[in-house]
Number of protein chains: 2
Amino acid sequence: MQPATSAEPITSREAAVEADRRDPLSAHRDAFVVEESGPIYLDGNSLGRQPRSTAPRILALLEAWGRELIGGWDHWIELPVRVGDRIGALIGAGPGQVVIGDSTTVNLYKLAHAALDAQPARTTIVADSHDFPTVRYVLEGVAGARGGQLRLIDSDPVEGLDVTSVAGALDPDVGLVCLSGVNYRSGARLDLAGAAAAAHDVGALVLWDLSHAAGSVPVALDDDGADLAVGCSYKYLNGGPGAPAWMYVRRDLQDHLRQPIWGWWGRRDPFDMAPGYLPAAGMSRFLSGTPAVVGLAGIDAGLEEIEAVGMAALWARTARLTDLLAQRIEVRLAPLGAHLFSPTDPARRGGHLGVAHPQAWGLCRLAIDRGLVVGDFRPPDVVRLAPVPLYTRFVDVWDAVERLAVVLADPDVRSPPPRRTVT
Amino acid sequence: MQPATSAEPITSREAAVEADRRDPLSAHRDAFVVEESGPIYLDGNSLGRQPRSTAPRILALLEAWGRELIGGWDHWIELPVRVGDRIGALIGAGPGQVVIGDSTTVNLYKLAHAALDAQPARTTIVADSHDFPTVRYVLEGVAGARGGQLRLIDSDPVEGLDVTSVAGALDPDVGLVCLSGVNYRSGARLDLAGAAAAAHDVGALVLWDLSHAAGSVPVALDDDGADLAVGCSYKYLNGGPGAPAWMYVRRDLQDHLRQPIWGWWGRRDPFDMAPGYLPAAGMSRFLSGTPAVVGLAGIDAGLEEIEAVGMAALWARTARLTDLLAQRIEVRLAPLGAHLFSPTDPARRGGHLGVAHPQAWGLCRLAIDRGLVVGDFRPPDVVRLAPVPLYTRFVDVWDAVERLAVVLADPDVRSPPPRRTVT
């Protein structure tokens, strides 16, 4: 993993403003819909901001639907593969290994199922006790359905998993190791290459959930020995609420795996409508039903911005932003009883940080209700803050922590409205 | 099933124009995007036309995403249930029994799985040999995964299934009977109440695919003893290409069934993010991942038009349109070697008709390429034609058949470009 980029520390608001002025990436903020009078948005790891080019793209799709009607499928049919390849390029996957379709949950189900079906003698799935709930739930269901076992590694909720812990949980019963590239709460990064090597040592396959990693941290799926991966497109890829998810299957595995949901879009020669299911060659066999064209049409808009910057430059800016955020949390929030709920080593961090505090819910809720800062609460006591580099300024990070300090010092933080968080 | 409405026969183009003039439903055509210089569109049973209010609705969603960001989930979270109930009202389902999520294929998989899991002693699924391919493929996969059997009834490809044939295929091994309300090719309607009663007689559950029925023919799920149903929203519901699908589970079954894809949106208290999967109460347990909000936002537009007319009036007009279409096929295309590939009894027909001819592919392709009529080809030799009552005029039906007769008489119909059909 690349370490965080070192840069001159930012120790004043003026220096933050100056850092924004000097960084050529600052200009990309203009490519997004931003209401400047609104709160500071640090929740792009939950729902990314909207690129300004999204609406024109979706209107163009609607125009095509209105004019071409069924004929539009002549080009829409390519979308799952074409957009998939584009996402693949951001995560180190060569063409023909990524497709878009369904939700992250459904994709995870399909690939976990396919991985176990390919190795009938192995019935154990290894996962992280602190992984995102849907990952744990899906795997619990997949393992249970075949009388297998979901073995949860009792990870450190802040530091995440190291390769030694992963290796220690493995044995020849393990068919699949399913972990997240970046932890949804603490932002801890997994050493994907190391974990893949450990899994392969016992003959297991790996499946990465990259929902909090794709478009944020450097990922090199092909080089780092990934077998399978999934991720959403509505966080760092800015595809919009509920935009369809993607999945990756390493090329030489594709024709050896069969996913369980046998729809016509995954069949060889689907428009023959012939009897009996025969999986298509390559990635198409991992599709099931008709692709969500309206939802897919907007995804290109977000990818364009990331491609224009490039993942390396984006990651360098992310590292500077999260370093500043961590430093300001230490200076301003630690004296108020908060602490960083993320690895202290910048090289182990992803694109967001957690802040733990007994009044984390009150802090999150009041900061939103007062129009100051939007983060999100994660039980039991963490606020997640993501300074997404395409549209978050250094001065936003500075100001956000100042505002959070004010809220945290307010006695009202102890009596917030009842909780109801989403995504 | 209601019979087709009888009305004075239309025997001239002038009478067709006059029928349009007299029918108050004709005005609803204005609510859709229609390029009047374009071909006559008879493929709304594959991809419905776009309501004019779709674009404003989707733009409003984009505006909400841009302004409210993550806060938009406070209302988006209700979409799967709210839009589900609205579709439910069109198919005779009381509130709390329909949700939107995923594709028809994925929903079919979930419900077929859930139905068999609830009856471990029954491993046979009964389906129709002439049903839409994805239905057969999904069921083949579900049955095979548990060592069960998919028993295909060898139905009549034109007349479809009668209740006697369904009953004859049933025995106590059958856990699930999965059939379509309207056949995708011939348009034959199934007696849903009769088929459900036959299945219940042997203790099996029923699962209806209503993709070609919902929003077209009268359906009374609650009254007719349905257990489970699924359908898409991009045909007669006009939701747009790849719009998310819906599923129905009869209220008293909901808490006894568990679907296999255990995502956080189907869990009790999803935002607790607690260990272990516990299915939510009611319909929410049939959800898996994050709902496709961008795709969902447009569905209301199509529903609004159908609600404004009402299913009874819509169906009465459908019956008049298909009667005229059948009559014109007989008069103009039969002498050219074509025949109706749909039940001759109007009471057994749905919203579209099939026309069989050895040069069906050439007929379909040339009619499209020459900008005359858009139907769609279904192997081996059928063109489907759907005069969708919200936007198809009587004169369109008249003219479409005239144009098809010209194409069919053209020697070029025997040498069309190679086939590549979609959806």
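**Charges, fold and interface**

Reply: Let's start with charge: chain A carries 39 positive and 51 negative side chains, where Lys and Arg count as positive, Asp and Glu as negative, and His and the chain ends are not counted. Each charge is placed at NZ of Lys, CZ of Arg, CG of Asp or CD of Glu, and the centres of the two sets lie 3 Å apart. A quick note on the source: this is a predicted model, in which local features need pLDDT of at least 70 and side-chain atom pairs count only at pLDDT 80 or more, while totals for chains, interfaces and linings use all residues. Residues are numbered from 1 along each chain as its sequence is written, chains are lettered from A and ligands numbered from 1 in the order in which they are written, and side-chain values use heavy atoms, with hydrogens and water left out.

Me: How many helices and strands does chain A have?

Reply: Helices (H or I, at least four residues) and strands (E, at least two) are DSSP runs, numbered from the N terminus. On that count, chain A has 14 helices and 13 strands.

Me: What radius of gyration does chain A have?

Reply: The radius is taken over C-alpha atoms, and the globule rule is 2.2 Å times the number of residues to the power 0.38. With 423 residues, a compact globule would come out near 22 Å. Chain A agrees with that, at 22 Å.

Me: What share of the residues in chain A is buried?

Reply: Buried means under 20% relative accessible area, exposed means over 50%, and partly exposed is in between (1.4 Å probe, protein chains only). Of the 423 residues in chain A, the buried share is 64%.

Me: Is A:Ala195 buried or exposed?

Reply: A:Ala195 sits in helix α8 (residues 192-201) of chain A. Leaving aside residues up to four places away in sequence, A:Ala195 touches A:Val163, A:Leu190, A:Val206 and A:Trp208, contact meaning heavy atoms within 4.5 Å. Because its relative accessibility is 0%, A:Ala195 counts as buried.

Me: How many residues of chain B are in contact with chain A?

Reply: Both chains take part in the interface. On the chain A side there are 75 residues in contact, and on the chain B side the number is 76.

Me: Which three residues supply 12% of the area that chain A buries against chain B?

Reply: Buried area is the accessible area (1.4 Å probe) that two parts lose on being put together, summed over both. For chain A and chain B this comes to about 6600 Å², with 66% of it on carbon and sulfur atoms. Of the part that chain A buries, 12% is supplied by three residues, more than by any other three: A:Trp65, A:Tyr137 and A:Met273.

Me: What is the relative accessible area of B:Met273?

Reply: B:Met273 is not a glycine, yet has a positive phi of about 55 degrees. In chain B, B:Met273 is found in the loop between α9 (251-254) and α10 (293-297). B:Met273 is buried because its relative accessible area is 7%.

Me: Where in chain B is B:Asn238 found?

Reply: B:Asn238 also has a positive phi, about 60 degrees, although it is not a glycine. B:Asn238 counts as buried, at 0% relative accessibility. Its place is the loop between β7 (228-231) and β8 (246-249) of chain B.
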